[in-house]
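These are my notebook entries on a structure that is new to me. I begin with the sequence and the coordinates as displayed.

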Amino acid sequence: MDGETDDLPARQDNQVVVLGAGLAGLGFARAWPGTLVFEAKPHPGGRAWSIDIEGVFFDQGTHISHSRNDSFNDMIRQAAGKVVETEKAQVSNFWKGSWLPYPVQNHLHALPLEDRVQALADLIQARINHSDVEPPDYGAWCRGQYGEFLADRFYRVFTEKYWRAPMENLATDWLAGRLLPPDLTTVIRGALSEASEEQAHFSRFRYPERGGYFGFFESLYPKLGVQHNETAVELDLAKKEILFDSGRRQDYDILASSIPLPDLVEAVKDAPTSVREAAARLSWTKLLCVNLLIERKSLSDLHWFYTYDPDQHTARAYLPRNLSPGMVAEGITALQAEVFRRNDEPWDPESLAEEMIDQMASLLRFSAKRDLRVASPVVVRYAYVVSDHARAAAVAHILAWLRERDVFCMGLYGKWKYVWSDYAYLSGVETAAEVRERLCRT
Ligand SMILES: Cc1cc2nc3c(=O)[nH]c(=O)nc-3n(C[C@H](O)[C@H](O)[C@H](O)COP(=O)(O)OP(=O)(O)OC[C@H]3O[C@@H](n4cnc5c(N)ncnc54)[C@H](O)[C@@H]3O)c2cc1C
């Protein structure tokens with residue numbers, strides 16, 4: 001891939017420092033040998049890190065690679081060694097006590113007759129009324145694409161579970177490549193018969209045979225010499241100096257940061273009010289992953305599933321064995337249930353985890369008392385960036401101000417943009433090119 005090297009890093013004249021050894025940090029460091037990388041955690045990988053529980057690697061929320069970037073795919077395939085290639089994802093929605101294939105608009109046959117008729121009539125009406133005027137928010141987009149019935153009964157309910165926000169609060173700038181406009185022929189076929197075509201972005205995907213999602217990246221890190229257990233706590237942009245929680249001070253000429261923007265702004269000494277206010281407008285979700293090892297042979301063939309009912313805490317769950325069959329011993333089901341909360345919502349992860357376990361037990365029919373071998377809840381402080389109406393302008397203001405002071409932001413939480421791992425990696429590679437250009441100009 002362009003700009004990459006496997007050589008050992010060599011020192012540069014200009015001191016370039018990277019904050020964060022997630023995938024953006026990895027992309028940058030591979031494109032810029034000699035860069036110093038500081039990472040808060042004792043391990044690299046960031047959000048793409050996988051946690052080993054009795055030999056089963058659980059990701060931090062369901063992770064699969066559905067990248068369409070050939071060079072990225074070549075890189076991760078080579079780095080992982082063996083990869084499981086899945087041609088057709090098995091995904092379902094749990095709704096009112098039964099399973100609906102995913103995506104719902106292509107499988108209307110599974111709805112009760114009256115609902116099916118209403119859903120189809122509303123969707124066709126929405127297509128007839130369709131105009132090219134940009135919808136003002138995600139709610140309007142959904143109603144325009146899927147019709148009132150599906151937008152309100154499914155998309156609205158799920159948005160509130162997943163994004164913890166009303167649909168009208170979300171912008172539409174995150175949709176490209178994620179939600180597909182419905183194909184009317186597919187919708188009608190799916191309403192009349194069970195043999196509907198798949199029409200989803202993530203139907204075809206890959207996953208490492210070993211090591212969980214991090215197995216794609218693990219072998220790329222050792223040569224980078226990442227400095228672990230170094231959390232940047234203060235940033236003096238005038239002196240160009242970083243203070244870490246270890247007491248270490250590090251000077252730099254250019255700083256490339258992949259740490260979450262709210263934390264970065266918080267660390268900046270003397271940031272102006274407008275920048276602090278912009279950072280305060282950023283919204284995100286936190287995530288509780290409840291990782292379970294259940295002493296029951298495979299409880300489901302699904303790769304992952306969503307639950308639509310509001311009283312089910314879990315928004316999504318996945319089964320590691322179905323992503324990589326060799327990873328889980330026979331006779332055991334590994335399951336991860338995910339629940340999201342807005343960053344500012346109070347929560348009690350411990351009791352939430354207990355309730356989720358009971359709910360999953362009744363949904364997948366196992367005994368939470370007898371069958372549970374391991375239950376390991378993990379909290380992820382930053383999960384998804386919420387693309388609400390405030391995001392774009394707030395991010396543009398913060399990034400422009402930082403860039404003028406030689407701080408380049410990259411990755412999911414640096415650009416503060418809802419992006420996949422391929423983009424996160426490539427944004428590191430691209431940021432290295434921008435830094436090179438910036439240094440050439442001086
Ligand atoms: C729930 C969920 C599911 C996802 N599923 C998929 C998927 O299926 N497929 C896909 O391709 N992508 C998926 N993604 C996206 C993917 O995980 C990210 O895009 C990618 O891992 C982000 O990498 P990054 O380097 O930008 O950020 P991070 O991975 O967050 O890296 C930032 C690093 O900075 C470190 N850090 C933070 N603060 C400091 C500090 N003060 N000092 C020093 N270091 C610090 C962190 O520890 C971290 O290692 C998912 C994301 C989420 C949240």
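**Entry 1: conventions.** I noted that the model is predicted, so local features need pLDDT of at least 70 and side-chain atom pairs count only at pLDDT 80 or more, while totals for chains, interfaces and linings use all residues. I number residues from 1 along each chain as its sequence is written.

**Entry 2: domains.** I looked up the division of the chain, whose bounds come from an automatic or database domain assignment. Domain 1 covers 16-45 + 221-281 + 389-440, domain 2 covers 48-68 + 85-102 + 200-208 + 285-381, and domain 3 covers 104-192. I found the C-alpha centres of domain 1 and domain 3 to lie 37 Å apart. Their contact (C-beta atoms, placed from the backbone, within 7 Å) takes 4 residues from domain 1 and 4 residues from domain 3.

**Entry 3: sheet.** I then traced an open sheet of 4 strands, in the order S2-S1-S12-S18 with parallel pairing. Strands are DSSP runs of E, at least two residues long, numbered from the N terminus, and two of them pair if DSSP finds at least two bridges between them. Strand S2 (36-38) and strand S18 (407-409) stand at the edges with a single partner strand each, so one side of each has no neighbour in the sheet. From one strand to the next, the twist averages 20 degrees (axes are lines fitted to C-alpha atoms, and angles run from 0 to 180 degrees between N-to-C directions).

**Entry 4: one pair.** I recorded 3 bridges between strand S12 (residues 254-257) and S18, in the parallel sense. Ser257 is opposite Cys409 in S18.

How values were computed. Contact = placed C-beta atoms within 7 Å.
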